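Let's take a walk through a protein fold and look at how its side chains meet. Keep the picture open as you read.

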Amino acid sequence: MKGMNVKKILQCVLAPAGAAMLLSCALPGAAAAAVIATLGSGTAVKTVTNAAHFELNTAMASGYVEDGLLFSYTGSSGNNGCGYAGVDCYDAPSDLSPAFSGNYMASSGNNAYISIRLASGLDFYKVEFAADSSYLNLNGYWKTFNDGVQTAAGNFSQPHGAVLGLADAAGFDEVRYYAFSTANKQSGFSGSAIDEVRVGVPEPASGLLMAVGLWGLAAVRRRRTAGRN
């Protein structure tokens with residue numbers, strides 16, 4: 001760890017134990033952004049500050065606000081009657097992720113995405129949401145932004161819907177979610193759907209703090225040893 005900036009290390013978010021990690025946290029000098037993506041409920045958010053269930057989203061208006069969270073979408077404004085007022089676009093409820101229930105937010109169109117923000121415009125640091133697609137298989141793509149600048153992006157694929165978690169100690173002020181027909185796509189026709197959104201506070205990275213502390217003690221010991229020689 002010689003020469004590494006301790007502050008930068010402390011800004012790196014650790015994935016919870018047992019989480020399905022999709023993108024590892026970047027350390028100083030690495031090319032990847034410091035965003036960790038995980039799959040599974042509770043893998044990113046432990047303490048919930050804001051949550052949205054979309055049960056009152058009966059008009060599918062872009063700019064829907066629930067519990068301090070702001071949702072908008074690009075693509076079909078009418079959404080073909082899918083995703084609200086108890087109507088969905090699936091042949092059977094089993095086609096949707098088990099994390100979906102009742103109304104949900106959905107959109108479709110060329111490069112269509114659903115946007116998640118805080119209504120206050122402030123940064124948030126951890127988010128989880130049930131992610132699904134208008135296609136049979138889930139091939140999701142996400143982007144994070146801060147002050148209009150894209151900070152990270154990533155793909156994930158599942159045979160069925162999933163709960164996606166994103167965490168960044170530096171924070172982001174917008175998450176965009178897309179769903180494409182095949183894996184690893186970053187553009188094209190997108191049919192995205194989300195439900196059960198949870199935003200949380202940063203958790204202390206105790207394991208990383210301990211590692212940095214041990215590194216600091218070792219550095220002090222080396223200096224003392226060098227001073228005696």
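**Charges and rings**

Start with R198 and E128, whose side chains meet in a salt bridge, with N and O 3.4 Å apart. Keep in mind that you're looking at a predicted model. This pair links distant parts of the chain: R198 sits in strand β13 (residues 189-200) and E128 in strand β8 (residues 124-133), 70 residues apart. How exposed is each partner? R198 is partly exposed, with a relative accessible area of 25%, while E128 counts as buried because its 1% falls under the 20% cut-off.

Why would such side chains meet at all? In general, side chains of opposite charge can pair when their charged atoms come close.

How many salt bridges does the structure hold? There are three. Another one joins R117 to E174, where the closest N and O atoms are 3.0 Å apart. R117 is partly exposed at 30% relative accessible area, whereas E174 is buried at 4%.

Now stay with E174 for a moment. Its side chain also meets that of R176 in a salt bridge, at 3.0 Å from N to O. Shared partners therefore put R117, E174 and R176 into one network of salt bridges. R176 has something else going on: it lies over the face of F145, 4.2 Å from the ring centre.

That brings us to the rings. The count of aromatic pairs comes to eleven. One of them is Y113 with Y178, a tilted pair with 5.3 Å between centres and 50 degrees between planes. Y113 lies in the loop between β6 (105-110) and β7, and Y178 in strand β12, so the pair ties together parts that are 65 residues apart in sequence. Are these two tyrosines buried or exposed? Y113 counts as buried at 16% relative accessibility, and Y178 as buried at 5%.

Next, find Y141 and F180. Their ring centres are 6.3 Å apart and their planes lie at 40 degrees, so this pair is tilted. Y141 is in strand β9 (residues 138-146) and F180 is in the loop between β12 and β13, 39 residues apart, so distant parts of the chain are linked. Both Y141 and F180 are buried.

How values were computed: Residues are numbered from 1 along each chain as its sequence is written. This is a predicted model: local features need pLDDT of at least 70, side-chain atom pairs count only at pLDDT 80 or more; totals for chains, interfaces and linings use all residues. Side-chain values use heavy atoms; hydrogens and water are left out. A salt bridge is a side-chain nitrogen of Lys or Arg within 4 Å of a carboxyl oxygen of Asp or Glu. Buried means under 20% relative accessible area, exposed over 50%, partly exposed in between (1.4 Å probe, protein chains only). Helices (H or I, at least four residues) and strands (E, at least two) are DSSP runs, numbered from the N terminus. Rings of Phe, Tyr and Trp (its six-membered ring) pair if their centres lie within 6.5 Å; planes under 30 degrees apart count as stacked, over 60 as edge-to-face and the rest as tilted. A charge sits over a ring if NZ of Lys or CZ of Arg is within 6 Å of the ring centre and within 35 degrees of the ring normal.
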